[in-house]
Amino acid sequence: MNTILVGAQWGDEGKGKIIDVLTEEAAWIVRPAGGNNAGHTVEVGSERFVLHLLPSGILHPGKKCVIGNGVVLDPAGLVGELEGVTSRGIDVAGRFFISDRAHVVCPYHKRLDGRVEAALKKQGGAIGTTMRGIGPTYSDKAARTGIRMCDLMSADFPELLKARVEAKNRELEALGGETFDYEEVLSSMSAAAEKLRPFVCDTVPLLFEAAQRGEPILFEGAQGVMLDLDFGTYPFVTSSSAAAGGACTGSGVAPNCIDRVVGVVKAYTTRVGEGPFPTELFDADGEKLREAGREYGATTGRPRRCGWFDAVVARWTRMLCGVDEWALTKLDVLDGFDEIKVCTAYELDGRRIDYFPLEPALEKCRPVYEYLPGFDGDITGCRRFAELPGAAQAYVKYLEDAVNCHIRYISVGADREQYIDMDR
Ligand code: GDP
Ligand code: IMO
Ligand code: MG
């Protein structure tokens with residue numbers, strides 16, 4: 001069974017945790033999109049891993065992991081991450097592969113990210129990016145001036161880089177940024193490149209043959225559908241295809257190999273960075289969600305904006321990705337609320353709408369809430385649905401109806417073991 005896992009909100013839904021659970025039944029775990037703007041957390045007993053570029057499957061011995069062509073890869077960042085996991089006893093030899101078509105995040109991309117954000121801020125329209133150079137790298141890819149992993153590995157790399165650094169220095173100067181010394185960039189990038197060389201290959205035939213042999217492939221979505229370049233809250237989005245389609249274009253695995261799409265949703269909603277967020281809370285409930293859910297960015301440490309569950313968003317995601325099953329995470333965080341709200345529709349100019357509209361209508365939308373009774377008590381030890389308090393069960397069933405699709409997994413804590421599989 002080949003499964004695409006997507007984040008169904010604005011990222012940080014708990015994808016890392018669910019990937020870790022689903023990895024048990026996979027042979028290959030593929031990251032098809034995004035870069036080290038992602039931060040996927042996996043907790044195993046007292047150990048906590050935050051993965052940015054490495055597929056979360058790397059934590060399971062023997063599972064094969066691939067960084068696909070759709071990813072933008074910061075070589076120094078990845079080297080640091082590899083050193084981090086190997087120092088914690090994880091052996092990646094022979095089971096980690098990087099697509100030679102993946103685009104490379106260069107130091108100038110990161111600086112440009114900062115300069116472009118500063119310029120947008122002056123006009124009042126900053127995106128609130130992670131400053132990892134994601135937008136500038138994907139821009140170069142689309143403009144056909146990017147550097148790919150195969151280029152980084154080639155003998156012609158110094159010459160190619162020289163031309164790029166010169167061009168980017170001109171851009172940086174125009175934006176009032178500091179320029180780069182070509183020799184310094186070359187030496188730091190070449191050092192990282194040598195450490196990555198053993199892993200770089202054409203991953204397309206690898207995955208094709210794995211699929212032919214029937215070895216299950218799990219696609220680890222990054223970000224969330226509402227941050228998708230095409231379907232998210234543009235321009236407050238990332239620069240990649242976070243929706244399910246991105247798994248195929250970002251790996252070279254054909255759509256007819258996909259058997260299942262799992263959408264991950266939090267039992268409430270969060271968002272980091274700027275942009276519309278209809279159910280955002282600015283009151284004590286929002287604060288309570290942030291503290292109970294430890295809602296601080298895994299990549300940047302920024303406090304996440306918090307709000308109630310938005311069924312309009314989940315239905316939009318289901319339509320775009322063909323979600324077959326949901327994984328509902330962080331249900332335990334709702335413990336202790338007297339009342340839980342669910343946004344079931346929006347009110348726009350006095351009319352009720354149940355679809356996700358485009359800007360500028362979205363700005364005018366007000367959430368229409370249903371009120372459900374809250375629950376009290378620690379649910380982190382529950383492993384069967386029947387063990388949940390009645391009001392927690394009712395909340396899950398309500399959501400299942402509201403999003404019109406089976407909730408298969410219910411996560412009740414950060415640890416690997418803390419979840420309920422409704423089909424088991
Ligand atoms: P991702 O980017 O989608 O992988 O999510 P992040 O790792 O950025 O953020 C999710 C956070 O919630 C992490 O700190 C996880 O350890 C944690 N987490 C995941 N599932 C649960 C859960 O069911 N309950 C609680 N309390 N924490 C969870
Ligand atoms: P994971 O995979 C949450 C957000 C940033 C910003 C916007 C653009 O951990 O869910 P970028 O640096 O990509 O140009 O920033 O996208 N963003 C994320 N928010 N989780 C993520 O990844 C994110 N990746 C990017 O905060 O609003
Ligand atoms: Mg995250």
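Me: How do the residues of the shell around ligand 1 divide into nonpolar, polar and charged?
Reply: In this predicted model, the shell around ligand 1 has 4 nonpolar, 7 polar and 9 charged residues.

Me: Which ones are the closest?
Reply: Of the 20 residues that surround ligand 1, the closest are Lys15, Gly16, Thr41, Asp332 and Ser411.

Me: What about polar backbone atoms, say of Gly14?
Reply: A polar backbone atom of Gly14 is 2.9 Å from an oxygen atom of ligand 1. For Gly39 the corresponding distance to a ligand oxygen is 2.8 Å, and for Gly413 it is 3.1 Å.

Me: How much of ligand 1 does the protein cover?
Reply: On its own, ligand 1 has 590 Å² of accessible area, and the protein covers 94% of that.

Me: Which elements give two or more residues to the shell?
Reply: Helix H1 (15-23) and strand S3 (40-44) do.

Me: Switching to H2. What span should it have, and what does it have?
Reply: H2 runs over residues 75-87, 13 residues in total, so at 1.5 Å a residue it should span 18 Å. The end C-alpha atoms are 18 Å apart, which agrees.

Me: Which residues in H2 are buried?
Reply: Pro75, Leu78, Val79, Glu81, Leu82 and Val85. They cover an arc of only 165° around the axis, so they sit on the same side of H2.

Me: And what is exposed on the other side?
Reply: Ala76 and Ser87 are exposed there.

Me: What happens at the start of H2?
Reply: A side-chain oxygen of Asp74 comes to within 3.3 Å of the backbone nitrogen of Ala76.

Me: What follows H2?
Reply: Gly89, with a positive phi near 90°.

Conventions
Residues are numbered from 1 along each chain as its sequence is written. Chains are lettered from A and ligands numbered from 1 in the order in which they are written. This is a predicted model: local features need pLDDT of at least 70, side-chain atom pairs count only at pLDDT 80 or more; totals for chains, interfaces and linings use all residues. Side-chain values use heavy atoms; hydrogens and water are left out. A residue is near a molecule or strand if one of its heavy atoms lies within 4 Å of it. A polar contact is a pair of N or O atoms within 3.5 Å; within protein, one must be able to donate a hydrogen and the other to accept it, and residues adjacent in sequence count only if both atoms are side-chain atoms. Accessible areas come from the Shrake-Rupley method with a 1.4 Å probe; for residues, only the protein chains shown count as cover. Helices (H or I, at least four residues) and strands (E, at least two) are DSSP runs, numbered from the N terminus. Ala, Val, Leu, Ile, Met, Phe, Trp, Tyr, Cys and Pro count as nonpolar, Asp, Glu, Lys and Arg as charged, and the others, Gly among them, as polar. The expected span of a helix is 1.5 Å times one less than its number of residues. Buried means under 20% relative accessible area, exposed over 50%, partly exposed in between (1.4 Å probe, protein chains only). The arc is that of the directions from the helix axis to the C-beta atoms.
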